[in-house]
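I opened my notebook today to look up a few side chains and their partners. Here is what I wrote down as I went along.

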Amino acid sequence: MEVIHKIGRRKTAVARVYVAKGKGNITVNKKDMAEYFPTATLQYKVNQPLNMTNNDGNFDITVNVYGGGITGQAEAIRLAISRALCDVDAENRAILKPEGLLTRDPRMVERKKFGQKKARKKFQFSKR
């Protein structure tokens, strides 16, 4: 098996994932995953597709991620890993699809409008 390259996106975060046979090392932006994602919740999100398909220690994963915040980055990585695992074995698709791990979340931040404080919030109106 050669290296599989996939891209995942979430909000403004873009993750490029390279999956190869290995011992289960995950490197994010040249750092260990535990160092890059300090909280257990974010580490769980990144590992979720591997745990569901029982591939915890089978692949070495290298990730380049940029844009957005750390939650969006973790979810972008999760999508890219899920896509790569479907390339490795077609049976993984039946496991990941019902959990929604192969669906790109389309929600984006709504833009701020002119004459308003934020996207939906208006300036306070006073009757003086």
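**Notes on T53**

I began with T53, whose side chain comes to 2.8 Å from the backbone oxygen of P49. The side chain of T53 also has a polar contact with the side chain of N55, at 3.1 Å. For polar contacts I used N or O atom pairs within 3.5 Å; within protein, one atom must be able to donate a hydrogen and the other to accept it, and residues adjacent in sequence count only if both atoms are side-chain atoms.

A word on my source: this is a predicted model, in which local features need pLDDT of at least 70 and side-chain atom pairs count only at pLDDT 80 or more, while totals for chains, interfaces and linings use all residues. Residues are numbered from 1 along each chain as its sequence is written, and side-chain values use heavy atoms, with hydrogens and water left out.

Where does T53 sit? I found T53 in the loop between α2 (40-52) and β5 (59-66). Helices (H or I, at least four residues) and strands (E, at least two) are DSSP runs, numbered from the N terminus.

Is T53 buried or exposed? T53 has 9% relative accessibility and therefore counts as buried. Buried means under 20% relative accessible area, exposed over 50%, and partly exposed in between (1.4 Å probe, protein chains only).

I then set aside neighbours within four places in sequence and found T53 in contact (heavy atoms within 4.5 Å) with L85, N92, I95 and L96.

**Salt bridges**

I noted seven salt bridges in the structure. Each is a side-chain nitrogen of Lys or Arg within 4 Å of a carboxyl oxygen of Asp or Glu.

E75 and K45 form one of them, at 2.7 Å from N to O. E75 belongs to helix α3 (residues 70-88) and K45 to helix α2, so this pair ties together parts 30 residues apart in sequence. I noted both E75 and K45 as buried.

Next I looked at E110, which has a salt bridge to K113 at 2.5 Å, N to O. E110 is partly exposed at 35% relative accessibility, and K113 is partly exposed too, at 25%.

E110 also forms a salt bridge with R120, with the closest N and O atoms 3.0 Å apart. Both E110 and R120 lie in the segment after α4 (92-96), so the pair ties together parts 10 residues apart in sequence. R120 counts as exposed, at 65% relative accessibility.

My last entry is a network: R10, K45, E75, D105 and R107 are joined by salt bridges that share partners.
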